[in-house]
Amino acid sequence: MARFQSREEYERWRAGQQGDPPPAADAPVEAYDSVPAEQMYDGPAPGSREFVDRSLRHAGLATEREKNMAMLCHLTALLGFLIPFRNIIGPVIAWMMGTADSPFVAEPGKASLNFQISLTLYFIGVAVLGIFLGPLVVVLILVAGIAVLYGIVMIIVNAVKAHNGEDGVYALSTHFLS
């Protein structure tokens with residue numbers, strides 16, 4: 001955290017921010033003694049990342065890190081196309097990392113996990129039905145392909161919404177986590 005070393009340094013900075021000429025170096029210090037020490041600002045420098053994050057939290061808005069973690073909860077589900085069941089493991093890891101710091105990450109993480117668990121169970125059901133309904137496998141494969149495309153689109157749409165600080169909604173999702 002950036003703090004001012006003296007009242008004079010603070011006054012010079014403040015005058016520069018307001019466009020006033022800086023006070024003279026030999027300005028009487030007695031004028032500053034009437035200001036209680038509690039009213040002097042000693043937080044992070046205005047414009048710094050810490051200052052912006054503190055201001056956003058105070059206003060009840062999500063910080064950039066929280067938005068990025070919420071977006072990561074959605075996008076890690078795409079790893080399921082590379083490694084089986086990574087579509088569930090990735091969001092769990094991102095959700096657990098983000099929830100410790102912020103309650104904003106909890107809702108997108110739960111929504112992503114619920115959708116990925118639902119999608120996995122739907123595919124297991126289609127596979128089991130495909131074994132017993134031999135000739136209808138072509139229809140089941142078509143349905144599975146449409147579900148994959150729907151899943152990809154919803155992951156991307158909800159990741160963008162999470163990065164914008166909005167709540168995303170997954171349709172066809174069972175709520176396992178509440």
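Predicted model: local features only at pLDDT ≥ 70, side-chain atom pairs only at ≥ 80, totals over all residues.
Local features are described at pLDDT of at least 70 and side-chain atom pairs at pLDDT 80 or more, while totals for chains, interfaces and linings use all residues. Residues are numbered from 1 along each chain as its sequence is written, and side-chain values use heavy atoms, with hydrogens and water left out.

Helix 5 covers residues 86–99 and spans 19 Å from its first C-alpha to its last, close to the expected 20 Å, where the expectation is 1.5 Å times one less than the number of residues. Helices here are DSSP runs of H or I with at least four residues, numbered from the N terminus. Among the buried residues of helix 5 are Ile-88, Ala-94 and Trp-95, buried meaning under 20% relative accessible area with a 1.4 Å probe and protein chains only. Because the buried residues of helix 5 fall within an arc of 165° when seen down its axis, they line one face of the helix; the arc is that of the directions from the helix axis to the C-beta atoms.

The largest nonpolar core has eight residues, including Met-69, Trp-95, Val-105 and Ala-106; such a core is a set of buried Ala, Val, Leu, Ile, Met, Phe, Trp, Tyr and Cys residues joined through side-chain atoms within 4.5 Å. Helix 5 gives this core its largest share, three residues.

Ala-106 lies in helix 6 and is buried, with a relative accessible area of 12%. Leaving aside neighbours within four places in sequence, Ala-106 is in contact with Trp-95 and Thr-99, contact meaning heavy atoms within 4.5 Å.

Notes
Helix = DSSP H or I, 4+ residues; strand = E, 2+ residues; numbered from the N terminus. Buried < 20%, exposed > 50% of the residue type's maximum accessible area, 1.4 Å probe, protein only.
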